[in-house]
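Look at the fold as a whole before turning to single residues. The paragraphs below follow that order after a short note on terms.

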Amino acid sequence: MAPTPSGNHRTRVHVVSDVHGNARDLARAGEGADALICLGDLVLFLDYADHSRGIFPDLFGTQNADLIVELRTARRFEEARELGARLWGGIGADRASVIEKAVRKQYAEMFAAFPAPTYATYGNVDMPPLWQEYAGPGTTVLDGQRVEIGGWTFGFVGGGLRTPMRTPYEISDEEYAAKIEAVGEVDVLCTHIPPEVPELVYDTVARRFERGSRALLDAIRRTRPRYSLFGHVHQPLVRRMRIGATECVNVGHFAGSGKPWALEW
């Protein structure tokens, strides 16, 4: 990492989201920056580009992974849930412990790859109760909270909103809005999910609208941060657009690109 900002030093932060198991590139993501920001989704349950990767195919095989991706992409969510229930039924009462063991293995690798300092918030597929066990002294976990970096105030809101996918960290619209409200006025608003704008929430490969936040959109219009940074939508119709005074940026699908998005001021 670059030295701590002082005097006339320009501050540079690198931002990643949707890491999904890419520890190799994560270990290099902070090179040349004063800080790394991570917007969540460290866990890889199932790689939609390579169905052989992730917790799901490790447990149930690539053939079942192919099938569940096909069902979800076709929005046949009930059939996908029925398939998942049959497969998990074979594991029985140990389901929670099996998942936690697999997630812990990934978290140990991911958090070890974080440079110092790293500021991170949760994604919708993350398991927040485990993060404090793995976050080292150089990693600050924030959710509904603010931090100052290089003279700018950054606000962080993690997690996703409830969907038929039923991923681990989906919360109610009301709880999410309360966290947005708690952050208040900031220079940079960092979230996992985008504001509720059709061009920002539509995934061109999955061919569906992901859930964005109306409360986030309202906060952008009301508080006018310099930037709204987010991830979640892996192949968005639009990666960047202005909403009033705010530059809204999908920082990219880090699992696929291996490259952070850079912000300098």
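A residue is called buried when its relative accessible area is under 20%, exposed when that value is over 50%, and partly exposed in between, with a 1.4 Å probe and protein chains only. This is a predicted model, in which local features need pLDDT of at least 70 and side-chain atom pairs count only at pLDDT 80 or more, while totals for chains, interfaces and linings use all residues. Residues are numbered from 1 along each chain as its sequence is written, and side-chain values use heavy atoms, with hydrogens and water left out.

Start with the whole chain. Its secondary structure comes to 10 helices and 15 strands; these are DSSP runs numbered from the N terminus, with helices (H or I) of at least four residues and strands (E) of at least two. Along its principal axes, the C-alpha trace spans about 60 × 35 × 30 Å. The radius of gyration of the protein chain is 18 Å, which agrees with the value near 18 Å for a compact globule of 265 residues. That radius is taken over C-alpha atoms, and the globule rule is 2.2 Å times the number of residues to the power 0.38.

How much of the chain is buried? Buried residues make up 53% of the 265 residues. The chain exposes about 12,000 Å², and carbon and sulfur atoms supply 48% of this area; accessible areas come from the Shrake-Rupley method with a 1.4 Å probe, and for residues only the protein chains shown count as cover. A contact means heavy atoms within 4.5 Å. Among contacts with a separation of 6 or more, 59% are between residues 24 or more positions apart.

Now take the start of the chain. His 20 lies in the loop between strand E1 (12-16) and H1. His 20 is buried because its relative accessible area is 10%. The phi of His 20 is near 40°, a positive value in a residue other than glycine. Most residues other than glycine have a negative phi, and most peptide bonds are trans.

Helix H1 (residues 23-26) holds Asp 25. Why does Asp 25 count as buried? Asp 25 is buried because its relative accessible area is 12%. Its side chain makes a polar contact with the side chain of Arg 28, at 2.6 Å. A polar contact is a pair of N or O atoms within 3.5 Å; within protein, one must be able to donate a hydrogen and the other to accept it, and residues adjacent in sequence count only if both atoms are side-chain atoms. Not counting residues up to four places away in sequence, Asp 25 touches Phe 254 and Gly 258.

Leaving aside neighbours within four places in sequence, Ala 113 is in contact with Ala 23, Leu 26 and Ala 27. Ala 113 has 12% relative accessibility, so it counts as buried.

Follow the chain into the loop between H5 and E3, where Pro 115 lies. Pro 115 counts as buried because its relative accessibility is 14%. The C-alpha atoms of Pro 115 and Arg 95, 20 residues apart along the chain, are separated by 33 Å. Pro 117 is also in the loop between H5 and strand E3 (118-120). A cis peptide bond, with omega about 0°, joins Ala 116 and Pro 117.

Further on, Gly 160 has its place in strand E7 (residues 160-161). Gly 160 has a relative accessible area of 3%, so it is buried. Leaving aside neighbours within four places in sequence, its contacts are Asn 124, Tyr 169, Glu 170, Ile 171 and Ile 193.

Two histidines end the tour. His 192 lies in the loop between strand E9 (188-191) and helix H8 (198-201), and His 232 is found in the loop between strand E12 (227-230) and strand E13 (240-243). At 0% relative accessibility, His 192 counts as buried; His 232 counts as buried at 14%. Which residue does the side chain of His 192 join in a polar contact of 3.2 Å? The partner is the side chain of His 232. A polar atom of the His 192 side chain also lies 2.8 Å from the backbone oxygen of Leu 39. His 232 has a phi near 75°, a positive value in a residue other than glycine.
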